[in-house]
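I opened a new notebook page for this structure. The entries below follow the order in which I looked things up.

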Amino acid sequence: MFEDKRFFHKIEGMAAAERGPYYERQLRRIIRYAYSNSPALRAKLDGAGVKPSQIKTVRDLERIPITPKDDIRRLQKENPPFGGMVTVPISRLKRIFVSPGPIYDIEARDRNIGEVKAFYALGFRPGDLVMNSFSYHMTRGGWSMDEGLIALGCVVIAAGVGNTELQVQVMHDLKVSGFSGTPSFFMTVIKKAEAMGYDFRRDFALKNAYLSAEPFPPSLRRVFEVDYALNVGETYGTAELGLLGYGCPQKSGMHIPEEILMEIVDPKTGKQLPPGEIGEVVMTSLDKAIPIIRIGTGDLSLYTDEPCPCGRTSHRLVRIAGRVSEVVKVRGMFIQPKEVAELVATLPPISNFQMVVSRSGHRDELAFKLELADNLPDRDALLDELHRKFQDVCRVKIDRIECVPGGTIKDSKKLLDTRTWE
Ligand SMILES: [Zn+2]
């Protein structure tokens, strides 16, 4: 349980049974408010023939079409500057950012409660000295982390990106204990410290790192955790939509902050999927200043509703499983080639592989071609492990595995889809 309840928002530990009613209250409130105050949302509901009074439960959201994240730019162009999405006058905003796109992005005048929760959950504590290396230039990252850290009671060094040598010096001289930034920049900082003659583990006081805004492969996480003995937190968010998930000491997925309502949906139908099934992350913001309803992130994930021993009762995203645009559906399940490549990388005797999807008698067939190391002592055990791991991750069975001589697989595509739909 939480060792310090002061910084813990009661809401994170609400009884699991209260979560449904909580979200339904929030949803009804935000839909009513947004319909009267956000021209974009009014147009979206009117276009779909949905009345605000018809949205009573989370399930009712399925009536509302999903707006892809990339449409925000189009909406802003048609109706500048904010696409009719912001409900307060520009004079009452706190900050305006320009996200890649370019998209105008706003921050309202209340503090970033999501970030406070996230930093606390990841191990940051009041009084910690934290180097914030997210960019402060035009983008949300630097500022929202800064606000979250200050609200938690940390001391922030507003570093931004770059000046690596200076950042190393400051971290060393001030005995900085926390870092917030991208995984790749963090690695650059560590390597620079080593190039400057420091032993990073011995000469620095760094304990916690909040890393985000970039793909963060498990192999890189292990380097931080094992080689440098750091506590590395996992978070998920996007530049336009902010924080969408944060890890806790259990390191068993990312809790979904209570300021947003998240659905995992079938990207083809927009229907909500149950826990454990991979689908698109669709987000509804419960923020009155910018009430965005059903924005599709284009990211794939799956969630669990199992209780987390940390005491937070929110659902957790198990992992981010790639992009909707890259997946192939096999027997109703999404297969993400990159994710399979990561899985295969944990089985080093496999030197190369390719998946082939075909169709036989109205059934999808999934075959694997494998190139294996020579003189493998126990081939069957390896194949069993591949079968098992693949089913755990993709929730679909491999029909056939064919072992081929090294160098046979010429095509660099990890998944070959040979199905025709005539
Ligand atoms: Zn937890």
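Which residue takes a positive phi in the hairpin of E2 and E3? I found Gly101, with phi near 150°, in a hairpin that has 3 residues between the strands.

Notes on the source. I am reading a predicted model, in which local features need pLDDT of at least 70, side-chain atom pairs count only at pLDDT 80 or more, and totals for chains, interfaces and linings use all residues. Residues are numbered from 1 along each chain as its sequence is written.

I looked up E2 (residues 95–99) and E3 (residues 103–107) and found them paired in the antiparallel sense over 5 bridges. Phe97 has Asp105 in E3 as its bridge partner. I use the labels for DSSP runs, numbered from the N terminus: helices are H or I with at least four residues, strands are E with at least two. Two strands pair if DSSP finds at least two bridges between them.

Entry on the cis bond. I checked the peptide bond from Pro80 to Pro81 and found it cis, with omega near -5°. Pro81 is in the loop between helix H3 (71–78) and E2.

Entry on E4 and E5. I found strand E4 (residues 129–132) paired with strand E5 (residues 155–158) in the parallel sense, over 4 bridges. Asn132 stands opposite Ala158 in E5. From E4 the chain crosses through helix H5 (residues 140–152) to E5, a right-handed β-α-β crossover. Right-handed here says that, with the strands pointing away from the viewer, the path from the first strand over the helix to the second runs clockwise.

Entry on E6, E7 and E8. Strand E6 (residues 178–181) pairs with strand E7 (residues 208–211) in the parallel sense over 4 bridges, and Gly178 has Asn208 in E7 as its bridge partner. E7 also runs parallel to strand E8 (residues 231–238), joined by 4 bridges. I noted Tyr210 opposite Gly233 in E8. The chain goes from E7 through helix H9 (residues 218–227) to E8, and this β-α-β crossover is right-handed.

Entry on the core. The largest nonpolar core has 94 residues, and Phe119, Ala209, Leu244 and Met283 touch the most other members. Such a core is a set of buried Ala, Val, Leu, Ile, Met, Phe, Trp, Tyr and Cys residues joined through C-beta atoms within 7 Å. Buried stands for 20 or more other C-beta atoms within 10 Å of the residue's own, exposed for 12 or fewer, and partly exposed for in between, with C-beta atoms placed from the backbone. I listed contacts of Ala209, among them Phe179, Phe224 and Val232, not counting residues up to four places away in sequence. A contact needs C-beta atoms, placed from the backbone, within 7 Å.

Entry on H1. In helix H1, Leu27, Ile30, Ile31, Ala34 and Tyr35 are buried. They cover an arc of only 120° around the axis, so they sit on the same side of H1; the arc is that of the directions from the helix axis to the C-beta atoms. On the other side of H1, I found Ala17, Glu18, Pro21, Arg25 and Ser36 exposed. The cover over the buried residues of H1 includes helix H2 (39–48) and strand E11 (260–265).

Entry on positive phi. Lys251 has phi near 50° and lies in the loop between strand E9 (242–246) and strand E10 (254–255). It counts as partly exposed because it has 15 C-beta neighbours inside 10 Å.

Note on methods:
Two residues are in contact if their C-beta atoms, placed from the backbone, lie within 7 Å.
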